[in-house]
Amino acid sequence: MDDTKYGTRDKRGNWTPNQPVEIAPFWLGKFSKMGKFLLDYLWPWNAFHMAVTLAYWFLLIQPNLDAFKSLSWQWALILYAVNAGGIFVLYGSVELIYYVKRKQDRRFKYNAKFPSEQPSDVFWFKSQNIDNFLRSFFVSIPLWTLIQVGALYCMANGLHAFGWLGWQEHWVWLVILTLLVPAIHELHFFCGHWLIHQGPLYKWIHSVHHNSINPSPWSSLSTHPVEAAFFHSEILWHLLLPSNPIVALFQMNSTAYGAINGHIGFDKLEITENTPVDSHAYAHYLHHKYFEVNYGGDGLIPLDKWFGFWHDGSKEADERMKERFRKKKEKARAKANPA
Ligand SMILES: [Zn+2]
Ligand SMILES: [Zn+2]
């Protein structure tokens, strides 16, 4: 595909989309865009996360639900193998096709460089890929699994603030809740993510994830353990909300498997020559580039816009960001040297 029809490439080879990121159209009163928005909302990413969730539930968890009534290392290891295997297949395929074999070369790639071309001392073994891979599989995925074991223990033992709801009696609410799962993610992620950007928390915790200024799929789950525990704990909201185990697992899976979206590094993935799939990566790519913008996702609940952190990739947004950074520096200077 010709990516210059969709964006521009600078002298260094970095590609920028022509279209700024837009928050969800219903916030802007653009109801004519709702059809495309809803299609994008469901297909392909959330449909994929739901398919994965149904496979987890019907093939693995439901047939063995009694086994989760007590805590066992054996089941924790089985779940770890499934989680790690699933992530390895999804993230590994994108990494292999677009970063190792470079099927579409640099077309639609925001940053002209590939992480393997940039060794750096900030990473274990000086390699972003090895560092990110090890942190994902030996920190983030084990913590995800432990939280999952806790949630399954609650499901198997009927532990819930209101009692788990069944589909037959409560299907209308459960369908609505399923559709709200990405919104719950956005609220949870924005709040925690903003918090770990503040003061020493950034240095202690979140800087690990931000070492990857030019993220690739393996960067998605590469975090400090505190961040990983927070990130994967979204499922716990479903112990407090009227919910069902499948919806709760969908929350967990769409967070873990969906973390790749912000870190794909390409605006579109060319599945075939003429079928590009939107990655939805740009808002979070800008977060990795500029740090103090876009703490949430790409504007389903536009908290960044409401709090003044939104960067949609446009020149105007760039100017607004620079002005905000300049004022912040001035304030810090005035604090350090009071007149
Ligand atoms: Zn990130
Ligand atoms: Zn961040």
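Analyst: One cut-off to start with: angles under 35 degrees count as roughly parallel, over 145 as roughly antiparallel, 65 to 115 as roughly perpendicular, and the rest as oblique. Also, this is a predicted model.

User: Good. At what angle do helix 2 and helix 8 cross?

Analyst: Roughly 125 degrees. The axes of helix 2 (residues 45-61) and helix 8 (residues 245-258) come within 9 Å. Helix 2 and helix 8 are therefore oblique to each other.

User: Is that crossing of helix 2 and helix 8 left-handed or right-handed?

Analyst: Helix 2 and helix 8 cross in a right-handed sense.

User: Which residues meet there, in helix 2 and helix 8?

Analyst: On the helix 2 side they are Trp45, Asn46, His49, Met50, Val52, Thr53, Tyr56 and Trp57. Helix 8 brings Ile246, Leu249, Phe250, Asn253, Ser254, Tyr257 and Gly258. By class, this contact of helix 2 with helix 8 holds 9 nonpolar, 6 polar and no charged residues.

User: What about helix 5 and helix 8, how do their axes cross?

Analyst: At roughly 30 degrees, with the axes of helix 5 (residues 167-195) and helix 8 coming within 10 Å. That angle makes helix 5 roughly parallel to helix 8. The crossing of helix 5 and helix 8 is right-handed.

User: And which residues of helix 5 and helix 8 meet?

Analyst: Helix 5 uses Leu174, Leu177, Thr178, Val181, Pro182, Ile184 and His185. From helix 8 come Val247, Phe250, Gln251, Ser254 and Thr255. The contact of helix 5 with helix 8 splits into 7 nonpolar, 5 polar and no charged residues.

User: Switching topic. How far apart are the axes of helix 3 and helix 4?

Analyst: 9 Å. Helix 3 (residues 73-100) and helix 4 (residues 128-156) pack at about 125 degrees, so helix 3 and helix 4 are oblique to each other. Their contact includes Trp75, Leu79 and Tyr80 of helix 3, and Phe137, Ile141 and Trp144 of helix 4. By class, the contact of helix 3 with helix 4 has 11 nonpolar, 4 polar and no charged residues.

User: Where does helix 4 bend?

Analyst: At Ser136, by about 40 degrees.

User: What span should helix 4 have, and what does the model give?

Analyst: Its 29 residues, at 1.5 Å a residue, should span 42 Å. The end C-alpha atoms of helix 4 are 40 Å apart, which agrees.

User: Last one: which residue with positive phi follows helix 4?

Analyst: Gly158, with phi near 65 degrees.

How values were computed: Residues numbered from 1 in each chain as written. Chains lettered and ligands numbered in written order. Predicted model: local features only at pLDDT ≥ 70, side-chain atom pairs only at ≥ 80, totals over all residues. Axes fitted to C-alpha atoms, helices over the stretch in contact; angles between N-to-C directions. Helix = DSSP H or I, 4+ residues; strand = E, 2+ residues; numbered from the N terminus. Contact = placed C-beta atoms within 7 Å. Nonpolar A, V, L, I, M, F, W, Y, C, P; charged D, E, K, R; others polar. Expected span 1.5 Å × (residues − 1). Bend = angle between axes of the 7 residues up to and from the residue. Left-handed = near helix turned anticlockwise from the far one by under 90°.
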